[in-house]
Amino acid sequence: MQKVTREMLIEKASALLAEGKVDRVLGWKNGEFSYDVTPFVFTDVESMKKDFVFGDFAFANFSKYLIKETKKSENKVLVFLKPCDTYSFNQLLTEHRFNREKVYAVGIPCDGMVDVSKIKEIVGDGIISVESGDLIKVETLYDGVKEIAKKDVLAERCVNCKSKKHVAYDELMGEEGEILDSNRFDEVAKLEAMTADERYAFWQNELSRCIRCNACRDVCPACTCEKCVFGNPNSGVENKAASNSFEEKMFHIIRAFHVAGRCTDCGECSRVCPQNIPLHLLNRKFIKDINAFYGDYQAGEEVGSRAPLTNYTKEDLEPSEAVNKEEN
Amino acid sequence: MTNETLIPKLGVITDIRIDTPDIKTFRVVSPEGKKLFDHRPGQCAMVSIPGVGEAMFSITSSPTNTEYMEFSIKKCGCLTTWLHQAEVGQNVTVRGPYGNPFPVDDVFAGKDLLFVAGGVGLAPLRSVINYCRHYRDRYGKIDIVYGSRSKDDLLDYQEIINEWSTDSGVNVHLTIDREQEGWDGHVGFVPTYVKELGFEPNKTAVLCGPPIMIKFTLQGLSELGFNREQVYTTLELRMKCGVGKCGRCNVGNKYVCKDGPVFRMDQLDELPDEY
Amino acid sequence: MRKISLSNLDKLFALISEKAKLYLPVDGKNGIASFKLWEEGVQMSQALNTTRSAKDFFFPQTENLMEFKTEGKNIEIIDTRTEKEDFVIFGVRACDVKSFEILDRVFLSEPVDSYYASRREKGVIISLACGRPAETCFCKTFGIDPASPEGDITAWKTATDLYLKANTEKGEKLLASLDGITEACGEEAVEEQKKEISAIMDKLPLKDLTTDKFGVGKTKEYFNSPAWDELSSHCLGCGTCTFVCPTCQCYDVKDFNTGNGVKRFRCWDSCMYSDFTLMAHGNSRLSQKERFRQRFMHKLVYYPDNNNGMFSCVGCGRCLAKCPISMNIVKVMKTLGGKEND
């Protein structure tokens with residue numbers, strides 16, 4: 001399989017810009033280090049050649065950015081979407097959050113993103129450069145170059161990748177992948193196997209680290225309310241630190257409820273959490289339950305699909321049955 | 001325990017005056033019936049109802065009043081709406097005084113003074129106007145231009161008519177935005193009226209009102225020959241601590257609560273346009 | 001200078017703990033190191049730094065300020081402040097130690113914040129030199145030497161020993177009380193480590209970053225820079241940078257109705273939040289660009305303006321590591337400062 005490279009993406013963007021099909025490109029801009037890649041809107045090929053990057057650290061799921069970006073101009077914006085990003089893309093279209101006509105989506109293949117903190121666990125601090133590949137070459141200030149298998153430092157969400165298949169695009173680069181038989185619910189099952197007290201202790205420990213920076217909410221493609229209840233000073237539960245430990249949990253639990261059925265499991269929440277709280281597990285529990293109660297449903301797989309929680313059918317499970325199912 | 005500025009004093013509302021349909025003036029004293037603390041003209045205080053909110057208000061009574069302080073408060077947000085429903089006898093918490101006062105004892109001394117206010121913008125100027133009236137012989141001529149939407153929206157109307165207008169050497173020029181039955185005074189916006197009145201530019205001017213009024217009044221004053229060094233105003237931004245620590249009321253490197261709220265126009269010119 | 005063998009570290013910690021609560025960096029799950037209370041069996045983290053800074057010790061994320069009882073028209077004000085206990089923080093890095101000075105200038109200036117002051121008075125800081133600075137470190141830019149951190153006592157850890165040197169009266173008192181398990185020693189090993197650290201500092205990727213373009217009197221130069229648009233364009237408006245920052249000290253004061261009275265508490269706030277400057281009748285910073293600009297102008301211009309040129313950044317690198325979109329003060333400085341700063 002031919003690998004899609006940075007150069008190929010620049011070439012593609014260059015052609016689309018030249019044709020006038022798009023007038024800007026939502027892409028990844030290099031930073032100070034190999035891994036601190038920033039979302040950036042390029043408007044010319046020269047700056048792309050200088051600063052555009054694509055590789056193991058092109059995390060950002062651009063779908064949510066399209067809400068703001070499509071409002072900026074009448075012209076189309078080119079966006080590169082990894083397979084998992086396309087699910088959020090569709091989900092946002094389902095929710096009428098941006099104008100599809102103003103986007104030119106190019107699907108790009110993805111063989112998993114790398115979590116730099118996992119690299120740091122192996123090599124320590126002082127990373128000077130990281131070279132992509134199945135074997136990642138990491139150079140540090142202290143120990144020279146080390147080779148690490150990419151699979152050992154994959155981002156958590158990529159370890160349990162749900163799909164290498166794009167569900168939306170105008171054009172696809174590289175080869176299309178398949179929906180994977182992922183074991184992403186294994187960890188949820190572990191939590192379910194705990195006693196209520198154990199589970200409470202687990203979440204208590206995890207959520208007590210929360211600093212209420214709201215990064216999980218602000219990055220989440222399902223959290224697109226114009227005014228979040230936690231951003232409303234009159235709600236009594238706005239932003240910021242909680243007055244007691246109950247409020248912290250309330251924030252995350254309510255957020256999980258708010259995105260239930262709409263969360264595509266893109267994993268951005270856990271990626272951005274500065275305190276490494278596995279927030280995606282809350283959402284996955286909902287997804288797992290929805291699958292169990294209403295049949296398999298993947299948010300964002302199809303534009304316009306009616307999510308089980310917002311779609312009443314006569315065959316729907318009675319709440320009492322759900323509780324029984326849960327307990328058994 | 002050392003003193004803590006964030007811990008307020010207890011106050012009691014002893015009088016509530018309905019000034020306009022949306023402004024009430026609250027008189028506050030300590031539970032012992034004394035004035036809570038001294039202040040200088042233009043200074044502010046944080047007033048709070050616990051559980052509702054705490055916010056910064058101008059102390060509108062004059063420092064020369066040794067019995068009580070007053071706050072003229074427009075119904076606007078949570079706390080002010082709550083206060084508007086309060087009755088005499090209600091406790092409040094008060095802390096202050098905060099901010100820099102108007103330079104009444106040095107810069108203003110011996111000068112002719114021109115006060116220009118719009119709407120609730122008279123509230124912060126009331127303490128300085130009454131201070132200057134109290135020490136009448138320390139200042140030259142005093143002109144007060146005050147306008148509001150309608151006659152009913154003029155703050156301190158009774159005080160203006162009965163006290164300010166009858167002082168010698170004090171000229172009050174009232175105006176309202178639109179014609180109104182029972183009003184035979186001037187009609188028109190404040191900035192235009194200031195220009196019409198055509199003041200000599202040998203005065204020290206003090207402005208307070210909505211930003212748009214300030215902007216056009218400044219233009220008018222400049223046409224009349226006023227320098228920005230002769231013009232003072234007072235700012236308002238979101239505040240939590242009142243002492244330059246909580247970090248939200250800054251305009252550039254100045255904190256409105258601590259370095260203001262009183263600024264001279266040429267001082268504001270040095271700051272970024274973010275207020 | 002005193003020293004103690006690393007194999008006796010637990011004895012040292014135990015002895016300090018007898019005198020006061022001792023906090024030190026401890027590894028948690030998921031690669032997060034944080035300051036924890038030392039007890040028998042607690043191992044000190046090998047991580048370069050804690051994810052959250054040490055500012056929590058003096059300026060906690062939330063703290064109760066006072067309480068009120070309300071009944072009818074009556075209000076009772078209850079001062080809930082209590083005398084604080086002595087405590088010792090071990091292993092604070094040079095950057096975080098410097099951050100205390102930056103916070104001091106805010107909280108200890110008149111009128112003194114008594115909540116902060118009482119903690120500051122009771123805390124003894126044992127700093128630890130950085131043997132292995134990270135690529136994200138740029139403390140040197142702000143004149144901080146990670147080989148000789150400030151603090152009441154400075155510690156250096158070599159392969160075999162921990163070296164301790166008191167810098168203040170508080171530090172001398174504590175160090176003297178540890179004489180029974182430490183021994184007097186020369187400074188050779190420490191001098192050697194200082195040289196090694198200095199050599200590493202010259203190899204760090206951000207070693208050439210300078211503050212030359214920033215500081216006192218630069219408001220007009222940068223406030224209206226067109227660069228803010230681009231720099232802030234993808235800012236999520238979250239508070240990550242603010243909350244992991246050791247020098248960010250903005251706070252909110254909020255009331256919480258407990259059903260049995262009102263608790264007035266203070267909590268960290270962020271200028272990145274849209275309601276930070278929201279008033280009943282308007283907002284002075286309407287867009288994320290204005291809020292983003294405020295944060296960096298404060299650190300690079302406004303704070304220096306008000307503090308004899310001292311910057312409100314210590315180069316700890318936490319925002320570099322934690323920003324969800326990898327936007328940070330280094331990128332801001334390089335973009336605003338122009339090519340020469342690159």
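Guide: Domain 1 of chain C covers 2–201, and domain 2 of chain C covers 219–341. These bounds come from an automatic or database domain assignment. The model is predicted: local features need pLDDT of at least 70, side-chain atom pairs count only at pLDDT 80 or more, and totals for chains, interfaces and linings use all residues. Residues are numbered from 1 along each chain as its sequence is written, and chains are lettered from A and ligands numbered from 1 in the order in which they are written.

Now the join between the two domains. Domain 1 of chain C puts 33 residues in contact with 27 residues of domain 2 of chain C. Contact here means that the C-beta atoms of two residues, placed from the backbone, lie within 7 Å. Which elements of domain 1 of chain C each supply at least two residues of the side that touches domain 2 of chain C? They are strand 4 (62–71) and helix 2 (94–107) of chain C. Helices (H or I, at least four residues) and strands (E, at least two) are DSSP runs, numbered from the N terminus. Strand 4 of chain C gives the most to this side, with 9 residues. By class, the domain 1 side has 15 nonpolar, 10 polar and 8 charged residues. Nonpolar covers Ala, Val, Leu, Ile, Met, Phe, Trp, Tyr, Cys and Pro; charged covers Asp, Glu, Lys and Arg; the others, Gly among them, are polar.

Next, the start of the chain. Strand 1 of chain C spans residues 2–5. Strand 1 pairs with strand 9 (residues 161–166) of chain C through 4 bridges, and the two run antiparallel. Two strands count as paired if DSSP finds at least two bridges between them. In strand 9, C:Leu164 is the bridge partner of C:Arg2. Strand 1 of chain C also pairs with strand 10 (residues 183–184) of chain C. That pairing is antiparallel too, over 2 bridges. There, C:Lys3 stands opposite C:Glu183 of strand 10. Strands of a sheet pair through backbone hydrogen bonds, either parallel or antiparallel.

Chain C has 43 residues in contact with 38 residues of chain A. Five elements of chain C each supply at least two residues of this side: helix 8 (240–244), strand 11 (251–257), strand 12 (262–268), helix 10 (318–322) and helix 11 (329–337). Strand 12 of chain C has the largest share, with 4 residues. The side of chain C that touches chain A divides into 21 nonpolar, 12 polar and 10 charged residues.

Chain B is the other partner to look at. Its contact with chain C takes 33 residues from chain B and 39 residues from chain C. The chain B side of that contact has 13 nonpolar, 13 polar and 7 charged residues.

To recap chain C: its domain 1 meets domain 2 with strand 4 giving the most on the domain 1 side. Strand 1 pairs antiparallel with strand 9 and with strand 10.
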